[in-house]
Amino acid sequence: MTRVAGFLFAAAVAALVVGAGSLRAQDSDFNLDLHANGHATAKEIGLPSYPGAKLYKEKHDDSGSADLGMVLNSFHFRLQVASYVTPDSAERVLDFYRKPLARYGEVLECDHGQPVGRLKETRSGLTCGNKGHVDVNGSDSSTDHELRAGTPERFRIVAIDKDVDGQTKFGLVSLVLPKDTN
């Protein structure tokens with residue numbers, strides 16, 4: 001990365017950290033696009049809204065959702081997440097999302113980072129392993145009960161976090177990771 005590109009990248013990260021929404025820089029050899037905002041909906045994540053669920057907001061968080069992305073030449077990363085609560089059980093939430101997730105491929109069920117049932121890895125290579133563990137609802141997804149569907153570089157997660165005041169707290173996630181170069 002050239003010195004100018006490095007400076008632009010550092011400036012972009014700083015701008016996003018202090019609250020700017022989007023930054024783009026481009027020339028013939030360099031393409032940078034960063035965005036961050038506190039808004040992502042179930043629809044934007046690619047999943048339906050759970051009936052009756054309410055957006056969950058932490059005391060220090062005024063949105064309950066986020067959309068973060070970065071493109072630097074061929075490097076692509078995007079995270080969209082929204083947190084919800086419902087009086088329904090965790091099992092009911094997971095059952096509701098199995099069919100919509102199937103649009104993205106085989107649905108893999110994971111509990112504390114381990115596969116549940118006969119499916120250990122999807123045909124596309126998606127696993128319950130370390131790749132793709134993200135902070136969902138304030139906890140590492142490897143400690144949650146979750147459903148996953150997609151490919152190892154582009155997938156959706158429905159993660160059950162914990163009960164909050166007798167309600168089920170869950171997160172919807174869309175994740176695009178850089179392709180492995182190994």
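Visitor: Which side chains meet K169 in a salt bridge, and at what N to O distance?

Guide: A salt bridge is counted where a side-chain nitrogen of Lys or Arg lies within 4 Å of a carboxyl oxygen of Asp or Glu. Here the side chain of K169 meets that of D161, at 3.5 Å from N to O. Please keep in mind that this is a predicted model, in which local features need pLDDT of at least 70 and side-chain atom pairs count only at pLDDT 80 or more, while totals for chains, interfaces and linings use all residues. Residues are numbered from 1 along each chain as its sequence is written, and side-chain values use heavy atoms, with hydrogens and water left out.

Visitor: Are K169 and D161 buried or exposed?

Guide: A residue is called buried when its relative accessible area is under 20%, exposed when that area is over 50%, and partly exposed in between, with a 1.4 Å probe and protein chains only. By these cut-offs both K169 and D161 are buried. R148 and E146 are buried as well, and they too form a salt bridge, with their closest N and O atoms 2.5 Å apart.

Visitor: How many salt bridges does the rule give, and which residues do shared partners join into one network?

Guide: The count comes to 6 salt bridges. Those that share partners join D95, R98 and E109 into one network.

Visitor: Where in the chain do the partners D67 and R78 lie?

Guide: To answer, we need strands, which are DSSP runs of E with at least two residues, just as helices are runs of H or I with at least four residues, both numbered from the N terminus. D67 belongs to strand 4 (residues 65–72) and R78 to strand 5 (residues 75–86), 11 residues apart. Their side chains meet in a salt bridge at 2.7 Å, N to O. D67 counts as buried because its relative accessibility is 6%, whereas R78, at 32%, counts as partly exposed. Strand 4 also holds M70, which counts as buried at 17% relative accessibility.

Visitor: How many helices and strands does the chain have, and what percentage of its residues is buried?

Guide: The chain has 3 helices and 12 strands, and buried residues make up 42% of its 182 residues. If a contact means heavy atoms within 4.5 Å, then among contacts between residues at least 6 apart in sequence, 58% join residues at least 24 apart.

Visitor: Which residues other than glycine have a positive phi, and where do they lie?

Guide: Most residues other than glycine have a negative phi. H112 lies in the loop between strand 6 (108–111) and strand 7 (114–115), and D165 lies in the loop between strand 11 (154–164) and strand 12 (167–176). H112 counts as exposed because its relative accessibility is 51%, and D165 is exposed with a relative accessible area of 78%.

Visitor: How far apart are M70 and A36 in sequence and in space?

Guide: Sequence separation counts residues along the chain, and a C-alpha distance describes separation in space. M70 and A36 are 34 residues apart in sequence and 8.9 Å apart in space, C-alpha to C-alpha.
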